[in-house]
Amino acid sequence: MDPSATPPRSESRRPAAITALAIRKQYGHVEALRGVSLSVGLGEIVALVGDNGAGKSTLMKIMCGAISPDAGEVVLGNDVPVVAGRFNAAEQGVGVVYQDLALAPHLTVLENVYLGHEVLRTDRPRWLGLLDRRAMALEAQAALQRLAIRLPTVRVPVSLLSGGQRQAVAIARAVKWARRVVLLDEPTASLGTRQADIVMNLIRNVAQQGFGVLLISHDMERLARVADRIVVMRRGTIVAEFPGASATLAQIVEAMLGGAPRLADPRAGAPAA
Ligand SMILES: Nc1ncnc2c1ncn2[C@@H]1O[C@H](COP(=O)(O)OP(=O)(O)OP(=O)(O)O)[C@@H](O)[C@H]1O
Ligand SMILES: [Mg+2]
């Protein structure tokens, strides 16, 4: 393979929580991902930014096993690669927060946190399928508390919560069942200023507990405040990377829209189509 055609890799200096290696994905004539390599370290927040259609959500879906890449691998921790095809994110300790459809609104906070993970009573025959609601409520409360999320009760239907509270519950649920990685796609997109701040602080808490966090967002100002690294994608490749604290908005936008490349990607300097 021609080495000059190798796209840049974005690597963490910390022990890896999750690594995507040379991921390719094509939809018809659209090359959604053209060989993307990216790692997220334990305890690290990596922000993934890029213009609409850059390939961010596709990469995230591949990293949680929801869709399979045409080529490339996903590696969890330092283990052997888990995918050539699909894998079960929850079983592998990967928590995911999607922008929408994250929660079932008619169910309570408790039921949402435990959806698919229900705990059965041990003092009754398992075939009766009786749920241990007390144990679940206590554990759900503890999960919310660990992230400093305050709700009056876990028995309130999610439909009565604010957008920010819902997003907090979605994050708490992802973290409760995750072991090392949490992936979030636009978690603040539909939120007001104050609630977006709360959710970003929550995401920082998650990383402080040792999880690797991959955060897709267009909210540059808040990203710059929480991210350890900001990785910029354009047209299916990574074209730039900045340390979170030192990146200016102008630099990030320039990279997103096709300014001077920050990494040695020979294709990044090509004029925009
Ligand atoms: N299921 C699909 N079928 C066909 N094309 C798809 C599919 N999913 C994504 N694409 C295409 O792949 C490219 C990357 O899409 P993707 O959703 O990953 O972008 P994105 O960076 O998340 O954009 P946005 O910021 O708008 O969410 C786009 O051109 C999109 O149209
Ligand atoms: Mg997207």
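This is a predicted model: local features need pLDDT of at least 70, side-chain atom pairs count only at pLDDT 80 or more; totals for chains, interfaces and linings use all residues.
User: How is the expected span of a helix worked out?

Analyst: The expected span is 1.5 Å times one less than the number of residues in the helix. With 16 residues, α5 should span 22 Å. The C-alpha atoms at its ends are 23 Å apart, which agrees.

User: What describes two packed helices?

Analyst: Two packed helices are described by the angle between their axes and the distance between those axes. In this model, take α4 (residues 163-177) and α5 (residues 193-208): their axes come within 9 Å and cross at roughly 15°. Angles under 35 degrees count as roughly parallel, and α4 and α5 are therefore roughly parallel to each other. Their crossing is right-handed.

User: Which residues make the contact between α4 and α5?

Analyst: From α4 come Gly163, Gly164, Gln167, Ala168, Ile171 and Val175. From α5 come Gln195, Ile198, Val199, Leu202 and Val206. Sorted by kind, the residues of this contact are seven nonpolar, four polar and no charged.

User: Why do residues three or four places apart in an α-helix point the same way?

Analyst: An α-helix has 3.6 residues a turn, so residues at that spacing point the same way. Compare that with the buried residues of α5, which are Ala196, Ile198, Val199, Met200, Leu202, Ile203, Val206 and Ala207. Several elements cover them, including β4 (45-50), α4, β7 (181-185), β8 (212-216) and α6 (220-226).

User: What follows α5?

Analyst: Gly210 follows α5, and its phi is positive, near 105°.

User: Which residues have a positive phi without being a glycine?

Analyst: Ala148 is one of them, with a phi of about 60°. Ala148 sits in the loop between α3 (133-146) and α4. Glu186 also has a positive phi, of about 55°, and is not a glycine. Glu186 belongs to the loop between β7 and α5.

User: How many helices and strands does the protein have, and what percentage of its residues count as buried?

Analyst: The protein has seven helices and 10 strands. Of its 273 residues, 43% count as buried. Among contacts between residues at least 6 apart in sequence, 68% join residues at least 24 apart.

Key:
Residues are numbered from 1 along each chain as its sequence is written. Chains are lettered from A and ligands numbered from 1 in the order in which they are written. Axes are lines fitted to C-alpha atoms, for helices over the stretch in contact, and angles run from 0 to 180 degrees between N-to-C directions. Helices (H or I, at least four residues) and strands (E, at least two) are DSSP runs, numbered from the N terminus. Angles under 35 degrees count as roughly parallel, over 145 as roughly antiparallel, 65 to 115 as roughly perpendicular and the rest as oblique. A crossing is left-handed if the near helix is turned anticlockwise from the far one by less than a right angle, and right-handed if clockwise. Two residues are in contact if their C-beta atoms, placed from the backbone, lie within 7 Å. Ala, Val, Leu, Ile, Met, Phe, Trp, Tyr, Cys and Pro count as nonpolar, Asp, Glu, Lys and Arg as charged, and the others, Gly among them, as polar. A residue is buried if 20 or more other C-beta atoms lie within 10 Å of its own, exposed if 12 or fewer, and partly exposed in between; C-beta atoms are placed from the backbone.
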